[in-house]
Amino acid sequence: IAQYLPLAKSLAYLGMGKRQVFFAVRLLLAFVSSFVDARFYKAVADVFSARVGRYCLVALAASAGLYEASTAFLPSTFVMHATTLAFSSCLYPARLPANDPSVLSSPSQRPFKPERLLLSTLSFAAGAVLGWPFAIILAIPFVFEQLFLRGDDMLANGKYSHWIASRWSSAIGAAFISALLGLPVLAIDTLAYGKFSFVPLNTVLYNLFSRNRGAGPELYGTEPFTYYFSNLLLNFNIFFPLALLSLCLLYTSDAADDLLCVD
C-alpha cells in the first residue's frame with residue numbers, strides 16, 4: 001500500500017474525498033498497465049516480428065482476465081505489472097557486452113540491450129518482495145537462460161570458462177542490487193509489527209510450512225487440474241485453445257526442419 005501513498009496523500013491534501021482518491025489510484029494502475037503492456041508489445045515485435053507483435057496486442061486487449069486485473073487494488077495486480085515489465089526485457093536475447101573478451105561481435109546479432117539483465121531482475125524481485133513472494137518462480141526460466149544458455153553470444157576460442165564467469169558474476173551483481181529492495185520492506189514491516197518481521201518470508205512460511213488446521217498449503221492448490229483449463233479459457237477465451245494448438249505446430253515445424261536437413 002505504501003507505494004501508492006504519495007499519490008493518495010497529495011490528492012487528499014488538495015481536498016479530494018476518499019472515493020475520488022481511490023479511483024485516482026486505480027487510474028494510476030491503468031496507466032502503469034498500459035505502459036508495461038506497450039513495452040511488452042514492442043519487445044515481441046522487435047524480437048519476433050511486427051505481425052506477431054500485432055497478434056500479441058490483440059490478445060492483450062481482448063483478454064478478460066488481464067483487463068479485469070489491470071486496475072484491481074491487489075498485490076497480484078502489482079505482480080502482473082512487474083512480471084510484464086520483466087518479460088518486456090528478458091524476451092531480448094541474453095548477451096554480454098561486446099567489450100567482454102570471452103565473446104565475439106557480429107553484425108548479424110540482434111541489438112544488445114544493456115539494461116536487459118538489471119531491469120528484468122529488478123522487476124521480478126519487485127513483484128516477489130512488494131507483491132506476492134511466490135511470483136519469483138516465474139523468474140526461473142530467465143535465470144536458467146542467463147546462467148547456462150549462450151543466447152546471442154558468440155564465444156571466442158578457449159574462453160568458455162571466462163564466459164561462464166562473466167555470465168554468473170553479472171547475474172549475481174544484478175541479484176544483489178535487486179535484493180536491496182527488501183531493505184525498505186523489512187524496515188516498514190518491523191516498524192508496523194513492533195518486532196523484527198519480513199512479511200514476504202512470513203507468507204512463504206505460513207502457506208507452505210504451517211501445520212495448523214485450516215491454514216497453510218491446504219488453503220491453496222487443492223483444485224482439480226481441470227480448474228486451470230476452465231480458468232484460462234475464461235480469462236483468455238479463444239487464445240487459450242490456440243495456445244494449446246501451437247504446441248502441435250511447434251512439433252510439426254521441428255519435424256519439417258529435420259526433413260529439410262535430411263534432404
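Which helix gives the most to the lining of the largest pocket? The answer is α5, with eight residues. This is a predicted model, so local features need pLDDT of at least 70 and side-chain atom pairs count only at pLDDT 80 or more, while totals for chains, interfaces and linings use all residues. Residues are numbered from 1 along each chain as its sequence is written, and side-chain values use heavy atoms, with hydrogens and water left out. Helices (H or I, at least four residues) and strands (E, at least two) are DSSP runs, numbered from the N terminus.

**Pockets**

- A pocket here is an open set of points on a 1 Å grid over the protein atoms alone, with protein on both sides within 12 Å along at least five of seven lines; lining residues have an atom within 4 Å of a point.
- Grid points are joined across faces, edges and corners, and a volume is the space filled by probe spheres set on the points.
- The largest pocket holds about 1800 Å³ of space.
- Its lining has 47 residues, and those closest to the pocket centre are L66, M80, L232, N235 and F236.
- At least two lining residues come from each of α2, α3, α4, α5 (75-90), α11 (226-236) and α12 (239-262).
- By class, this lining has 31 nonpolar, 14 polar and two charged residues (Ala, Val, Leu, Ile, Met, Phe, Trp, Tyr, Cys and Pro count as nonpolar, Asp, Glu, Lys and Arg as charged, and the others, Gly among them, as polar).
- Next comes the second largest pocket, at about 680 Å³.
- Of the 22 residues lining the second largest pocket, I1, A2, Q3, V129 and L130 are the closest to its centre.
- Two or more residues of that lining come from each of α5, α6, α9 (182-193) and α10 (199-209), and α9 gives the most, with five.
- The lining of the second largest pocket divides into 18 nonpolar, three polar and one charged residues.

**Cavity**

- There is one cavity of 30 Å³ or more, a cavity being a set of grid points where a 1.4 Å probe fits but cannot get out.
- R95, L96, P97, A98, V103, L104, S105, Q109 and D153 line the cavity, and they divide into five nonpolar, two polar and two charged.

**Salt bridges**

- The whole structure has three salt bridges, each a side-chain nitrogen of Lys or Arg within 4 Å of a carboxyl oxygen of Asp or Glu.
- R167 and D153 meet in a salt bridge at 3.0 Å, N to O.
- That pair links distant parts of the chain, with R167 in helix α8 (residues 160-179) and D153 in the loop between α7 and β2 (154-155), 14 residues apart.
- Both R167 and D153 are buried (buried means under 20% relative accessible area, exposed over 50%, partly exposed in between, with a 1.4 Å probe and protein chains only).
- E145 and R116 form a salt bridge with their closest N and O atoms 2.9 Å apart.
- E145 lies in helix α7 (residues 140-148) and R116 in helix α6 (residues 116-131), 29 residues apart.
- R116 is buried, because its relative accessibility is 4%.
- D46 and K42 form a salt bridge at 2.8 Å, N to O.
- These two are four residues apart in helix α2 (residues 18-47), so about one helical turn separates them.

**Aromatic pairs**

- Twelve aromatic pairs are found in the whole structure; rings of Phe, Tyr and Trp (its six-membered ring) pair if their centres lie within 6.5 Å, and planes under 30 degrees apart count as stacked, over 60 as edge-to-face and the rest as tilted.
- One of them is the edge-to-face pair of F148 and W168, at 5.8 Å centre to centre and 80° between the planes.
- F148 is in helix α7 and W168 in helix α8, so the pair ties together parts 20 residues apart in sequence.
- F148 is partly exposed at 44% relative accessibility, and W168 is partly exposed at 34%.
- F229 and F240 also pair edge-to-face, at 5.9 Å centre to centre and 65° between the planes.
- Y4, F22, F23 and F73 form one aromatic cluster.

**A buried serine**

- S63 sits in the loop between α3 (50-62) and α4 (64-69), and counts as buried because its relative accessibility is 3%.
- Beyond its neighbours within four places in sequence, S63 is in contact (heavy atoms within 4.5 Å) with N235, F236, N237 and F239.
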